[in-house]
Amino acid sequence: MIPIKNEREISMMRRACKITAAARALAGDMVRPGVTTKEIDKAVHDFIVSQGATPSFLNYSGYPASACISVNQTVIHGIPDNRVLQEGDIVSIDVGAYWGGFHGDCAATFACGEISPEAKKLIDVTKQSFFEGIKFARQGCRVSDIGSAVQAYVESNGFSVVRDFIGHGVGANLHESPEVPNYGRPGRGPRLIKGMTLAIEPMVNAGSHGVRVLSDGWTTVTADGSLSAHYENTVLITDGEPEILTVTEGL
Ligand code: MF3
Ligand code: CO
């Protein structure tokens with residue numbers, strides 16, 4: 001069963017999502033050569049707590065930090081540590097905040113100083129693929145219409161979409177129904193209805209789509225060592241245009 005949020009629940013989600021988006025923005029502003037991923041994680045943690053919220057990821061299935069910080073060939077779930085960011089790195093930062101009984105979830109990939117044209121294209125195509133996908137985040141469309149559009153756009157740009165990890169419903173639980181893959185044929189899966197809230201999150205590899213999880217059980221890297229980028233927002237299905245909830249305006 002896919003949870004449908006009423007107006008009161010949506011207003012709670014709006015605030016949780018604004019806090020989440022502001023945490024993503026402040027983390028992105030910290031990305032520069034010389035900073036450690038642990039320093040960024042601490043800033044994310046302290047900001048979320050300062051807003052009266054709780055970091056959604058901290059202790060989730062034993063995850064040890066508030067942010068996932070995934071550098072270069074790391075796709076997702078990079079654990080913040082003493083790694084020092086270098087000029088030319090691409091840095092994916094994924095954050096979640098729980099406020100008023102609801103979670104927000106969002107991510108983006110940031111450039112550390114000057115990056116290669118190929119890396120810049122990967123970041124831009126990944127972000128745009130999200131916007132191609134949400135053209136179908138509309139009442140009456142089916143869930144797989146979103147992923148089909150993401151995949152078509154990504155592959156037309158010569159990159160590939162990760163299959164082993166997918167987007168998801170988000171609300172009272174960080175992960176809830178439905179599953180939202182970033183690939184597949186259109187016209188499959190549940191029909192979208194006003195009041196559903198989805199975390200739509202393309203993960204895009206410059207090379208092939210395969211990934212592997214390192215022995216820490218979290219860090220997920222491209223199998224071929226190619227660069228990877230990530231872009232995610234929490235999106236509300238309405239009876240008109242989709243509403244991106246993870247925005248900073250109005251916090
Ligand atoms: N945005 C990711 C997701 O939705 C982050 C989860 S990290 C975890 O799956 F630590 F919370 F698992
Ligand atoms: Co997510």
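1. A charge is said to sit over a ring if NZ of Lys or CZ of Arg is within 6 Å of the ring centre and within 35 degrees of the ring normal. Please keep in mind that this is a predicted model. With that rule in hand, look at Arg15: it lies over the face of Trp99, at 5.5 Å from the ring centre.

2. Next come the rings themselves. Four aromatic pairs are found in the structure. One of them joins Tyr63 and Trp218: the ring centres are 4.9 Å apart and the planes stand at 80°, so this pair is edge-to-face. Where do these two residues lie? Tyr63 belongs to the loop between strand 1 (54-55) and strand 2 (67-71), and Trp218 to the loop between strand 11 (211-213) and strand 12 (220-222), so the pair ties together parts that are 155 residues apart in sequence. Both Tyr63 and Trp218 are buried.

3. Phe130 and Phe131 make another pair worth a look. Their ring centres are 5.0 Å apart and their planes meet at 90°, so this pair is edge-to-face. Are the two residues buried or exposed? Phe130 is buried, with a relative accessible area of 0%, while Phe131 counts as partly exposed because its relative accessibility is 30% and buried means under 20%. Together with Tyr231, Phe130 and Phe131 form one aromatic cluster.

4. Now for the open spaces. The largest pocket has a volume of about 290 Å³. It is lined by 18 residues, of which His77, Asp94, Leu174, His175 and Glu201 are the closest to its centre. Sorted by class, this lining has 10 nonpolar, four polar and four charged residues.

5. The second largest pocket has a volume of about 250 Å³. Which of its lining residues are the closest to the centre? Of the 17 in the lining, they are Arg24, Ala108, Phe110, Lys127 and Tyr231. Helix 1 (7-30), strand 5 (102-111) and helix 3 (117-133) are the elements that give two or more residues to this lining. By class, the lining of the second largest pocket divides into nine nonpolar, five polar and three charged residues.

6. Five strands form an open sheet in the order 8-7-9-14-15, with antiparallel pairing. Its edge strands are strand 8 (176-180) and strand 15, each of which pairs on one side only.

7. Strand 9 (residues 197-200) runs antiparallel to strand 14, and four bridges join them; Leu198 has Val235 in strand 14 as its bridge partner.

8. What lies between strand 14 and strand 15? The two strands form a hairpin, with six residues between them. Strand 15 (residues 243-244) runs antiparallel to strand 14 and is joined to it by two bridges. Here Leu236 stands opposite Glu243 in strand 15.

How values were computed. Residues are numbered from 1 along each chain as its sequence is written. Chains are lettered from A and ligands numbered from 1 in the order in which they are written. This is a predicted model: local features need pLDDT of at least 70, side-chain atom pairs count only at pLDDT 80 or more; totals for chains, interfaces and linings use all residues. Side-chain values use heavy atoms; hydrogens and water are left out. Rings of Phe, Tyr and Trp (its six-membered ring) pair if their centres lie within 6.5 Å; planes under 30 degrees apart count as stacked, over 60 as edge-to-face and the rest as tilted. Buried means under 20% relative accessible area, exposed over 50%, partly exposed in between (1.4 Å probe, protein chains only). On a 1 Å grid over the protein atoms alone, a cavity is a set of points where a 1.4 Å probe fits but cannot get out, and a pocket is an open set with protein on both sides within 12 Å along at least five of seven lines; lining residues have an atom within 4 Å of a point. Grid points are joined across faces, edges and corners, and a volume is the space filled by probe spheres set on the points. Ala, Val, Leu, Ile, Met, Phe, Trp, Tyr, Cys and Pro count as nonpolar, Asp, Glu, Lys and Arg as charged, and the others, Gly among them, as polar. Two strands pair if DSSP finds at least two bridges between them.
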